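Please open the model in your viewer, colour it by chain, and keep the selection panel at hand. The tour below goes from one selection to the next and says what is to be found at each stop.

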Amino acid sequence: MRSKKGGLYILWEYKLPYLFLVPSVILLIFFLALPLISGIYMSFQKISLAGISEFVGFQNYRLLVGEERFRNNLLLSVLYVAGNVGLSVPLAYAAALLITGKLRGTQFFRAIFLTPFIVTPVVSAILFRSMVDPSFGPITTLLEMITGKRYIILADSTLAMLTIIGHSFWRSFSFVMLFLAAGIATIPTEIYEAAKVDGAGAWARFRSVTFPLTKMHLAIVLLIITMWTVQDAETVYALTGGGPGYSTEVTAVRLFKDAFINFNLSYGATIGVFLLMLSAVFMALYFNLMMRGGELSQ
Amino acid sequence: MKAKDTISWIGFFLISIFVLFPLFWGIRTSLSPRYESSFIPSRLTLEHYQSLFTRPAFLFYFRNSLIVTLGAVGFTLPLALSGGYALARFNFPGKRFGILLLIFPLLPAIAILVPLVSYMYKLGVYDSFIALILTNSVFNMPFALWMLRNFILNTPVEIEEAALLDGCSRIGALCRIALPLMLPGMIAVILFVFITTWNNYLYASALTSSLSVRVLPQGLLSFIGTWGMYWEGLCAAGMLTLIPPLVLFLVFQKWFIAGLFSQWSR
């Protein structure tokens, strides 16, 4: 932060900042912080359709955890996150290493690469649904050429899960790649030249220069992609609706269906608390990683 | 050196195919006659686009989406601008909590949506444009604020100080000197709010129930229900849905990308 020495600043310094911030802070408190608290409160209530609520303690939690379907929802969320992160981060890192510094038409390619990130999720879900259509979808045809069998992709639980992971991978890959490429681009070229003078080969340069200096970027992008995937309900809902059966019903989709289609608000709120806890666990994990990464690179 | 270049170019090429194939497929399907099963259609037709314009539903949802999106942009920008200015230029107690703005966008919005629905119900705005504009604005506010804070931090404070010493009022200095300098940041924020609001399906489906306030992503999903697997028409509707965000993105991508990626490194 820079210090302000202009005389007039001191006069204003005390009142104005609050005046400038008050509208947005009030909004954030009323529509983000308070709902967060009342969401936790709602999870301890049983709310009937007429709007009458009674306090039931941990009953919603007990009922959900005791449910086979909900335990499967949680497992699928972990699988979904692991699948998307496991695919997009390593591949995007490799791609970022490949393209950094070699981008002659940088702006042009950056814009093209980032389009999946801009595309409306419901639209890309429709595109993917038509690509796996059993009668004319190109992915169905490709799969038939490889396996010799014509699958109805969205009716097969494993293939449906792979479809939602593939779709998220398509949406996040280029974001991760450009994020990491921006990180790699900040490494001064002198370090590489010094390493070369010391006789370090390509692999040694990666291990001792590129990787340690981009650890922080890796941790941040891992966090961002994980959070996006954990809370993603709309692309999965638009692609499979959670089906066939419950085989792609990740936790966020379960929340969406319970709260906004079946209007079971107490279940919705309780699953919301579970999602928040899941996010908190991931955040703690990555922040820990980042702190350690920060120490190592110094 | 030459071999390395070739590998990079092959990489570029493969990534471009991967990234663009679904979009290419969407254009191909929207232009091909019905039940065309070969990869390259025998002829191209505009009938699916024409049929969209003869049905009132699509244009109606398009209009609704525009209202909500422009509303959210108009609502978020002034608030984020004044808040971001305060965070960048003033020192005051509690300022360090500003970092929370970067954590909020990562939290699962869907978890807050359940209580928010009953809030909106009590406020009497459930199932209205106001609820949609408010929700989209609030959920985009933290990141928008943070983006503008960083942009303002990067514009030199000395220019404002000089204007102040020359006798401009604080507000006058802000409007005439600082605002034009913040234009790239404002464009990035406008695009960010526009694209996320335009694309959002979740808040709309949670906060509305009647047809009259339905936005495009909801409309598209409902078409699957009413049209069945009419992929040609669905792809045509999808391609038209993509036009506003894609055009804005392609025109202003330089500022948008800079705004998007520089936020986490500070």
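**Starting with chain A**

Within chain A, residues 24 or more positions apart account for 69% of the contacts with a separation of 6 or more, where two residues are in contact if their C-beta atoms, placed from the backbone, lie within 7 Å. This is a predicted model, in which local features need pLDDT of at least 70 and side-chain atom pairs count only at pLDDT 80 or more, while totals for chains, interfaces and linings use all residues. Residues are numbered from 1 along each chain as its sequence is written, and chains are lettered from A and ligands numbered from 1 in the order in which they are written.

Switch to a cartoon of chain A, which has 13 helices and two strands; helices (H or I, at least four residues) and strands (E, at least two) are DSSP runs, numbered from the N terminus. Of the 298 residues in chain A, 42% are buried, a residue being buried if 20 or more other C-beta atoms lie within 10 Å of its own, exposed if 12 or fewer, and partly exposed in between.

Among the buried residues are A:Arg254 and A:Asp258, together with A:Leu255, A:Phe256 and A:Phe260.

Now step to A:Phe263, in the loop between helix 12 and helix 13 (265–296) of chain A. Its phi is near 55°, a positive value in a residue other than glycine, and A:Phe263 is exposed, with 12 other C-beta atoms within 10 Å.

**A loop in chain B**

For another positive phi, select B:Asp127, where the value is near 65° in a residue other than glycine. B:Asp127 lies in the loop between helix 5 (109–123) and helix 6 of chain B, and is partly exposed, with 16 other C-beta atoms within 10 Å.

**Where the chains meet**

Show both chains and select their contact, which takes 71 residues from chain B and 77 residues from chain A. On the side of chain B that touches chain A, the largest share, 14 residues, comes from helix 12 (residues 231–261) of chain B. The residues of that side divide into 53 nonpolar, 15 polar and three charged; Ala, Val, Leu, Ile, Met, Phe, Trp, Tyr, Cys and Pro count as nonpolar, Asp, Glu, Lys and Arg as charged, and the others, Gly among them, as polar.

Next, pick helix 6 (residues 121–131) of chain A and helix 11 (residues 216–227) of chain B, whose axes come within 9 Å and cross at roughly 25°. The axes are lines fitted to C-alpha atoms, for helices over the stretch in contact, with angles running from 0 to 180 degrees between N-to-C directions. The two helices are therefore roughly parallel to each other, since angles under 35 degrees count as roughly parallel, over 145 as roughly antiparallel, 65 to 115 as roughly perpendicular and the rest as oblique. Here A:Val122, A:Val123 and A:Ile126 meet B:Pro217, B:Leu220 and B:Leu221.

**Last stop: A:Val176**

Finally, centre the view on A:Val176, which, leaving aside its neighbours within four places in sequence, is in contact with A:Ser88, A:Val89, A:Ala92, A:Val221 and A:Ile225.
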